[in-house]
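Student: I've got a structure open and I'd like to learn how to read it. Can you walk me through it?

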Amino acid sequence: MTMATLEQPKLNLDQLNAQFAHGNAKDIIKWSARTFGDGLVMSTSFGIQSALMLHLVTSIIPEIPVIWVDTGYLHGETYRFAQQLTERLNLNLKVYQSHLSPARMEALYGKLWEKKDVESLNLYDQIRKVEPMDRALRELGATAWLAGLRRDQTQHRQHLPRIGMQSGLYKILPILDWHSRDVHRYLTEYNLPYHPLFDQGYMTVGDWHSSRPLSLQDEHERDTRFQGIKQECGLHLPKTSGEAQSFDSSFL
């Protein structure tokens, strides 16, 4: 059942990004809760460092809807890690999946990740990730979305504002300027786990067929995803030219 979208506040993004340019992550989350109320959601991939954002946000907003897009191709370790964190943090987890089962998708389109071209990988991402996320945001009546993106993760993320727009929603990135040392410090302080594949050399993890441990030949940790062909799966890319302007050119 589709829920009605809550009324979206009109915000001055330039002013807010100036205000929060060096803002504390907890203060940004508290502001988000006050500003968006029940329209605020967060996303998680249950990736290498996901425990940080899950703990940080739910310690302030315990009942926030947590969207997890399950592609059906995640590592077994990821599913067990998700169960562990869901129980420990008492997450209000909302799991979304593609309407196409993995078997049906492979029958219709083949194993898209084996074709090793951007078009095939983009189609895979649209089917298994982007459409389920768009549906989740719509059905949950979201007006704003908290995500744990950091500038040092990909080239695209280097130019993101702390507060922007995507898919008609406000996108808020509380830990945008955090570095790996900040992540490690937080996880250690609160006795939170890394994803179990971290101990096997994975610096970032997604689907089993498109993730591998870091090697000496890799220039960047995201080279271990998508056969090194691309860095983003599509969930965090702008959908319109206007959003592209907001997310990139205005903040270079």
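This is a predicted model: local features need pLDDT of at least 70, side-chain atom pairs count only at pLDDT 80 or more; totals for chains, interfaces and linings use all residues.

Student: What share of the contacts joins residues 24 or more positions apart?

Tutor: A contact means heavy atoms within 4.5 Å. Among contacts in the chain with a separation of 6 or more, 74% are between residues 24 or more positions apart.

Student: And how much of the chain is buried?

Tutor: Buried means under 20% relative accessible area, exposed is over 50%, and partly exposed is in between (1.4 Å probe, protein chains only). Of the 252 residues in the chain, 49% are buried.

Student: Now, how many salt bridges does a search of the whole structure find?

Tutor: You look for a side-chain nitrogen of Lys or Arg within 4 Å of a carboxyl oxygen of Asp or Glu. The search turns up six. One of them joins D125 and K129, at 3.5 Å from N to O.

Student: Where do D125 and K129 sit?

Tutor: They're both in helix α6 (residues 118-139), and because they are four residues apart there, about one helical turn separates them. D125 is buried, at 2% relative accessibility, and K129 is buried too, at 7%. D125 and K129 also belong to a salt-bridge network with D207.

Student: Which side chain does R151 meet in a salt bridge?

Tutor: That's D177, at 2.6 Å, N to O. This pair links distant parts of the chain, 26 residues apart: R151 is in the loop between β4 (144-146) and β5 (163-166), D177 in the loop between β6 (169-172) and α7 (180-189). R151 is partly exposed at 29%, and D177 is partly exposed at 31%.

Student: What about R162: buried or exposed?

Tutor: Buried, at 5% relative accessibility. The R162 side chain forms a salt bridge with D177, at 2.6 Å, N to O. R162 lies in the loop between β4 and β5 and D177 in the one between β6 and α7, so this pair ties together parts 15 residues apart in sequence.

Notes. Residues are numbered from 1 along each chain as its sequence is written. Side-chain values use heavy atoms; hydrogens and water are left out. Helices (H or I, at least four residues) and strands (E, at least two) are DSSP runs, numbered from the N terminus.
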